[in-house]
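Reader: Could you take me through the packing of the helices with some care, giving the criteria behind each term as you go? I would like one connected account.

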Amino acid sequence: MSTLFSPFQLKSVTLRNRIGISPMCQYQASEGIAGDWHLMHYGARAAGGAGLIIVEAAAVAANGRITPHDLGLWADWQIEPLAQINRFLKAQGAVPGLQIGHAGRKASCARPWEGGAHLAADAGGWPLIAPSALPFGEALSKVPAEMTGQQICETQMAFAAAAGRARQAGVEWLEINAAHGYLAHSFYSPLSNRRTDGYGGSFDNRVRFLLETVKTVRQVWPEQLPLTVRISATDWADGGWTLEDSVELARRLKAAGVDLIDASAGGAVPDAAVPAPKPGFQVPFGERIRAEAGIATAAVGLIADPMLAEAIVSKGRADIVLIGRESLRDPHWPLHAAQTLGVRQSFGPPQYSRAW
Ligand SMILES: Cc1cc2nc3c(=O)[nH]c(=O)nc-3n(C[C@H](O)[C@H](O)[C@H](O)COP(=O)(O)O)c2cc1C
């Protein structure tokens with residue numbers, strides 16, 4: 001009896017198994033609009049048997065894109081192309097999820113394979129906003145403007161508006177990206193937030209931006225559908241955000257209406273002391289959050305071995321696992337995992353059934 005291949009229910013949504021595709025930017029959008037690539041890419045992974053597809057970070061505002069090629073949901077005309085993809089994912093038996101986010105001081109970059117550096121204005125770049133006027137570092141050196149109170153409010157409203165559009169596009173599982181040094185993380189990490197108003201300084205003040213954003217989104221996002229948050233559970237840096245902070249944040253997010261914490265790590269500063277990654281290296285973060293904050297969690301990070309994935313969920317170290325790069329190498333990872341674990345196939349496209 002496999003736990004990995006048992007259903008998982010969160011609010012009114014039931015995943016056919018505990019395997020999700022981790023959000024991964026494709027940088028193939030034009031004006032934020034999803035196209036053929038997204039339909040093919042996400043569609044293949046839904047046909048590959050995943051229970052949940054979390055479509056890559058869609059920017060809630062044009063200035064919140066990591067690159068000019070990011071997906072976006074800041075305008076109504078971006079809804080229908082995403083809806084087409086979601087209809088297809090659902091038809092394959094996967095739950096259509098989406099991550100929404102704002103890249104803050106890590107916005108306005110070239111694509112990773114084009115160097116990933118900040119883009120100058122004459123190369124298609126744009127001005128940055130962040131909690132404080134501190135650049136990320138040498139690699140991303142553009143200095144952001146410290147957000148005004150009005151910009152904070154407008155950005156939170158943009159998250160809510162994007163959530164409403166996501167719902168119109170048929171998204172059933174919404175994730176707010178508050179990890180990896182992007183805007184919400186840069187508010188709660190003391191390494192990137194030097195504000196002296198109600199959004200900086202104490203723990204309470206630094207988590208205020210994210211908690212208010214969640215509450216604003218929850219007013220728009222249906223109560224019966226899962227609202228989840230990806231956090232960086234630690235900054236891996238002296239004087240930075242810690243796992244203890246994450247446990248307390250998770251308690252508060254739960255009280256604000258969040259249903260699951262997706263526990264990633266890092267990204268706040270370039271000189272973090274990241275340990276040499278090994279399989280499942282981030283699992284202990286979500287495990288502790290799950291135990292101490294009493295909230296469902298997703299584990300992510302170098303989970304490629306089906307036996308490891310099975311052990312994580314069967315031992316209650318997380319409720320679901322998210323597969324990132326391994327799913328780029330193998331869109332059929334869930335079907336292969338089922339074979340490895342000796343699970344009799346009851347999912348996947350019937351037209352492929354003779355292959356399994
Ligand atoms: C190409 C690529 C794009 C990514 N884009 C996102 C993203 O949009 N949002 C996010 O939260 N994480 C993003 N990530 C991080 C992944 O979701 C995942 O957390 C990370 O790759 C670790 O999992 P893995 O070891 O299974 O790949 C990205 C990773 C890759 C490789």
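Author: Helix α3 (residues 149-168) and helix α6 (residues 208-220) pack at an angle of about 35°, with their axes 8 Å apart; here an axis is a line fitted to C-alpha atoms, for helices over the stretch in contact, and angles run from 0 to 180 degrees between N-to-C directions. Helices are DSSP runs (H or I, at least four residues), numbered from the N terminus. The model is a predicted one, in which local features need pLDDT of at least 70 and side-chain atom pairs count only at pLDDT 80 or more, while totals for chains, interfaces and linings use all residues. Residues are numbered from 1 along each chain as its sequence is written, and side-chain values use heavy atoms, with hydrogens and water left out.

The crossing in which α3 passes α6 is right-handed, a term for a near helix turned clockwise from the far one by less than a right angle. On the α3 side, Ile 152, Thr 155, Gln 156, Met 157, Phe 159, Ala 160, Ala 163 and Gly 164 meet Phe 209, Glu 212, Thr 213, Thr 216, Val 217 and Val 220 of α6, where contact means heavy atoms within 4.5 Å. By class, the contact of α3 with α6 comprises eight nonpolar, five polar and one charged residue (Ala, Val, Leu, Ile, Met, Phe, Trp, Tyr, Cys and Pro count as nonpolar, Asp, Glu, Lys and Arg as charged, and the others, Gly among them, as polar).

Turning to another pair, the axes of helix α1 (residues 36-47) and helix α2 (residues 79-91) come within 9 Å and cross at roughly 20°. That makes α1 roughly parallel to α2, a label for angles under 35 degrees. The crossing of α1 past α2 is right-handed, and His 38, Leu 39, Tyr 42, Gly 43 and Ala 46 of α1 meet Gln 84, Ile 85, Phe 88 and Leu 89 of α2. The contact of α1 with α2 has six nonpolar, three polar and no charged residues.

For helix α7 (residues 243-255) and helix α8 (residues 283-293), the axes come within 9 Å and cross at roughly 50°. α7 and α8 are therefore oblique to each other, and their crossing is right-handed. Leu 243, Glu 244, Ser 246, Val 247, Ala 250, Arg 251 and Lys 254 of α7 make the contact with Phe 285, Arg 288, Ile 289, Glu 292 and Ala 293 of α8. Six nonpolar, one polar and five charged residues form the contact of α7 with α8.

Methods. Helices (H or I, at least four residues) and strands (E, at least two) are DSSP runs, numbered from the N terminus. Angles under 35 degrees count as roughly parallel, over 145 as roughly antiparallel, 65 to 115 as roughly perpendicular and the rest as oblique.
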